[in-house]
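Please read each point alongside the structure shown below.

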Amino acid sequence: MSKILIVDDEPSILESLEMFFSEKGHLVSLAGDGRTALGQLDSGGQDIVVLDVRLPDINGLDILARIQNRTAPPKVIMITAYQDMHTTIEAMKRGAFDYIHKPLDAEELEQSVDKALQVLAVDSQTPFTGEPAGDGLHPGVIVGQSRPMLEIFKIIGLLCQNQASVLIQGETGTGKELIARSIHRNSLFADEPFVTLDCSAVVENLMESELFGHEKGAFTGAVQAKPGRIELAGRGTLFLDEIGELPLALQGKLLGFLERREYYRVGGRVPLASHCRIIAATNRDLTAMAKDGRFKEDLYYRLKVVTINAPPLRERRSDIHLLADHFLGKINRELGTAVTKVQEGVIQRLAVHPWTGNVRELANVLVEAVVRARGRVILLDDVEDILALNHAAPEGLNGFSLPNVEREHIRFTLERLGWNRTRASRALGISMPTLRSKIRKYQLAPAE
Ligand SMILES: Nc1ncnc2c1ncn2[C@@H]1O[C@H](COP(=O)(O)OP(=O)(O)OP(=O)(O)O)[C@@H](O)[C@H]1O
Ligand SMILES: [Mg+2]
């Protein structure tokens, strides 16, 4: 049972909220003005304060500030009839847990109270960590203890002794670039440059010059000679990202370079030598591309002497806990937050998500969760909301007519959120009345 103090100068509100929360099994006390409220607070023990902004004697925002100065303050939910931006922002800045506009929706207030109680409960637990520490000292650390990751660490270690070319394959967001940088950092030539060329980001007719450089007057606009990325890499690493997008003609030239370690600038007649290591990365299926003639087979074989397969996150779910800890620490450092606790069930929930965007998606979800967190705590409900939003595709649709898609999407969202209408309406970006009318229209009901 929790203790709730309700502060409002409207007797009808006090009365109805007292009835509502007593029925839910809470211990309710009431105050009709600020002085009474502060007196009640002095006798202590409240978990939650529902606080009106406009009171006859003291401004609610001032009461809020005084509450925040106490040790172990209760969670304060502000309520007001005024839709004013300034007060809302100010209240949240001063540490209000939530801000709810009148006319009061009892369900919305109850949601907020429930959430506040959950936060209070998790707040008293020991931290999950996510402490600002660790990786600050080791930028570029690759987190993971799963078998495929240990295998990758082994290969990175082996590669430190030579300058062999490497092909890194893996879905988007699996850490290909991170691995490439780690290979470089652990190599004999770590002090030499790490240079990137994203083959999908350069227009085709500039690609050769970007890669190999050009001589003065080689083409219109080549007013000066310019070194290519290969040259800029020195004895270090040239990272060819999205190698699958490299035009066929250049694939041939790159192959020539890999075979002879010599190349020509565009418009150049003197062969230049380079001893940089080539690391290529792709999320495409190069074997299939080679079969269709879209990727030069010889180049593929030349590159794949050492192949690293960055596994999708769903194939190494045991790493999710570590990754979450790592990212929370990193996010806290970057955003200046101190979100170090997660409610029970959060990690388990993250561990079953499909993660089509892999580690990057996980990191993004956590950033959103930190931004939404009240105080130091990430709640399961919030994580559910974020995952539901990111996961918009309804399954098992027969017809893709708009009403069909709408119906299935609403059903899907409600189901995911356990038929919690307040959260569903938020997740769907529609008002409660609209959601209610759509539930009626489509005759949606919880599955038995
Ligand atoms: N094992 C890991 N430990 C810590 N951070 C990771 C890990 N894997 C990926 N990341 C982080 O996730 C993000 C995406 O990683 P990265 O850019 O290396 O992926 P990628 O495979 O190159 O993706 P894309 O194919 O979309 O280019 C980066 O911020 C990276 O630091
Ligand atoms: Mg990348």
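Which residues in α17 meet which residues in α18? The points below begin with that contact.

1. **Basis of the note.** The model is predicted, so local features need pLDDT of at least 70 and side-chain atom pairs count only at pLDDT 80 or more, while totals for chains, interfaces and linings use all residues. Residues are numbered from 1 along each chain as its sequence is written, chains are lettered from A and ligands numbered from 1 in the order in which they are written, and side-chain values use heavy atoms, with hydrogens and water left out.

2. **Helices α17 and α18.** H409, I410, T413 and L414 in α17 meet R421, A424, A427 and L428 in α18; contact means heavy atoms within 4.5 Å. Helices (H or I, at least four residues) and strands (E, at least two) are DSSP runs, numbered from the N terminus. Helix α17 covers residues 402-416 and helix α18 residues 421-428; they pack at about 130 degrees, with axes 9 Å apart. The axes are lines fitted to C-alpha atoms, for helices over the stretch in contact, and the angles run from 0 to 180 degrees between N-to-C directions. The angle makes α17 oblique to α18, given that angles under 35 degrees count as roughly parallel, over 145 as roughly antiparallel, 65 to 115 as roughly perpendicular and the rest as oblique. The crossing of α17 past α18 is right-handed; this applies if the near helix is turned clockwise from the far one by less than a right angle, and left-handed if anticlockwise.

3. **I410 within α17.** I410 is found in helix α17 and, at 3% relative accessibility, counts as buried. Buried means under 20% relative accessible area, exposed over 50%, and partly exposed in between (1.4 Å probe, protein chains only). Leaving aside its neighbours within four places in sequence, I410 is in contact with L428, L435, K438, Y442 and L444. From G236, I410 is separated by 174 residues in sequence and by 53 Å in space, C-alpha to C-alpha.

4. **The loop between α17 and α18.** W419 lies in this loop. Its phi is near 60 degrees, a positive value in a residue other than glycine. At 14% relative accessibility, W419 counts as buried.

5. **Further backbone features.** Most residues other than glycine have a negative phi, and most peptide bonds are trans. R261 has a positive phi of about 60 degrees although it is not a glycine. R261 lies in the loop between α10 (248-260) and β11 (262-263) and is partly exposed, with a relative accessible area of 21%. A cis peptide bond, with omega about 0 degrees, joins K102 and P103. P103 is in the loop between β5 (98-101) and α5 (106-123).

6. **Helices α1 and α5.** The axes of helix α1 (residues 11-23) and α5 come within 12 Å and cross at roughly 55 degrees. That angle makes α1 oblique to α5, and their crossing is right-handed. On the α1 side, L17, F20 and F21 meet A106, L109, E110 and V113 in α5.

7. **Aromatic pairs.** How many aromatic pairs does a search of the whole structure find? The search finds 5. Rings of Phe, Tyr and Trp (its six-membered ring) pair if their centres lie within 6.5 Å; planes under 30 degrees apart count as stacked, over 60 as edge-to-face and the rest as tilted. The rings of F20 and F21 have centres 5.1 Å apart and planes at 85 degrees, so this pair is edge-to-face. F21 counts as buried at 0% relative accessibility. The rings of F257 and Y263 are also edge-to-face, with centres 5.9 Å apart and planes at 80 degrees. F257 counts as buried at 0% relative accessibility, and Y263 counts as buried at 4%. F212, F257 and Y263 form one aromatic cluster.

8. **Helices α13 and α15.** The axes of helix α13 (residues 320-335) and helix α15 (residues 358-372) come within 9 Å and cross at roughly 50 degrees. That makes α13 oblique to α15, and α13 passes α15 in a right-handed crossing. The contact involves residues including I320, L323 and F327 of α13 and V359, L362 and V371 of α15.
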